[in-house]
Amino acid sequence: MATVDIIIGTVYGSAVLVAETLEEELIKAGHTVALHEEPALAELDQSHFWLFVTSTTGQGDLPPDLVPFYQELRDTCPPIPNVRYALVALGDSSYEHFCGAGEQLNEQLQELQAQEVTEHLKVDASDTLEPEVPALAWLKGWMEKV
C-alpha cells in the first residue's frame, strides 16, 4: 500500500471536510495518510502520492494557506517527474474563474513534470452542498492507481 500526503487549501473548511472524507476511504483501503493544512515543500516526500484538495477564493485565487506552498513550487522547485498526484478543486460556477485555484495548481504541477494519475475533479458549490460526496465517488473510480 502507498503513503498519501493530502495537501489542503481552504478558507471556510469545506476542503478540510473533503480531505478528511478521502483520508478515511484511503485508510480503509490500507493506505497510510497524512493531512497537510499548511503545506511546505520540505515536509513532503516525492515518493509519496500527493492528493490535493483546494477551494477557490476571490477571483479564482488560491486560499491563503496554500499560497506559500504554491510560491515554493513556482519559484524554487526543480522538476518533480517522480511525483504522482491527483487533485480536487472546489469552486462555484457562478463565478468567472470557476475552480481557478485548482487550475493554477494543476498547471504548475504539469510545468514541473509531475504525473497526474487521473483527470482532476471540479466540484461545483452551485450543484451540491456536500462536496465530499462527488469527491468520494471520484476517488473510488481511480484509487487502485495509488
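**Figure 1. Lining of the largest pocket in the predicted model.** The largest pocket is lined by 26 residues, and those nearest its centre are Ser55, Thr56, Leu90, Gly91 and Ala125. Helix H1 (14–28), strand S4 (84–91) and strand S6 (121–124) are the elements that give two or more residues to this lining. The space in the largest pocket comes to about 440 Å³. Eleven nonpolar, twelve polar and three charged residues make up the lining by class. A pocket is an open set of points on a 1 Å grid over the protein atoms alone where a 1.4 Å probe fits, with protein on both sides within 12 Å along at least five of seven lines; lining residues have an atom within 4 Å of a point. Grid points are joined across faces, edges and corners, and the volume is the space filled by probe spheres set on them. Ala, Val, Leu, Ile, Met, Phe, Trp, Tyr, Cys and Pro count as nonpolar, Asp, Glu, Lys and Arg as charged, and the others, Gly among them, as polar. Helices (H or I, at least four residues) and strands (E, at least two) are DSSP runs numbered from the N terminus. This is a predicted model, in which local features need pLDDT of at least 70 and side-chain atom pairs count only at pLDDT 80 or more, whereas totals for chains, interfaces and linings use all residues. Residues are numbered from 1 along each chain as its sequence is written, and side-chain values use heavy atoms, with hydrogens and water left out.

**Figure 2. The largest nonpolar core and the surroundings of Ile6.** Among the 26 residues of this core, Ile6, Leu26, Leu51, Val88 and Trp142 touch the most other members. At least two residues each come from strand S1 (3–9), H1, strand S3 (49–54), S4, S6 and helix H4 (132–142). The most are given by H1, with six residues. A second, separate core has 22 residues, including Ile7, Leu87, Ala89 and Ala101. A nonpolar core is a set of buried Ala, Val, Leu, Ile, Met, Phe, Trp, Tyr and Cys residues joined through side-chain atoms within 4.5 Å. Buried means under 20% relative accessible area, exposed over 50%, and partly exposed in between (1.4 Å probe, protein chains only). Not counting residues up to four places away in sequence, Ile6 touches Ala19, Glu23, Leu26, Val33, Ala34, Leu35, His36, Leu51 and Val53; contact means heavy atoms within 4.5 Å.

**Figure 3. Leu66 and its contacts.** Leu66 is placed in the loop between S3 and helix H2 (67–76) and is buried, at 0% relative accessibility. Beyond its neighbours within four places in sequence, Leu66 contacts Ile7, Ile8, Gly9, Pro39, Thr54 and Leu105. The C-alpha atoms of Leu66 and Val11 are 9.8 Å apart, although 55 residues separate the two in sequence.

**Figure 4. Cysteines and residues with positive phi.** Cys99, in the loop between S4 and helix H3 (100–111), has a positive phi of about 55 degrees although it is not a glycine. Cys99 is buried, at 0% relative accessibility, and Cys77 is buried as well, with a relative accessible area of 11%. Zero disulfides (pairs of cysteine sulfur atoms within 2.5 Å) are found in the whole structure. Gln113 also has a positive phi, near 70 degrees; this residue lies in the loop between H3 and strand S5 (115–116) and is partly exposed, at 42% relative accessibility.

**Figure 5. Thr21 in helix H1.** Thr21 belongs to helix H1 and is buried, with a relative accessible area of 17%. Its contacts, leaving aside neighbours within four places in sequence, are with Glu132 and Leu136.
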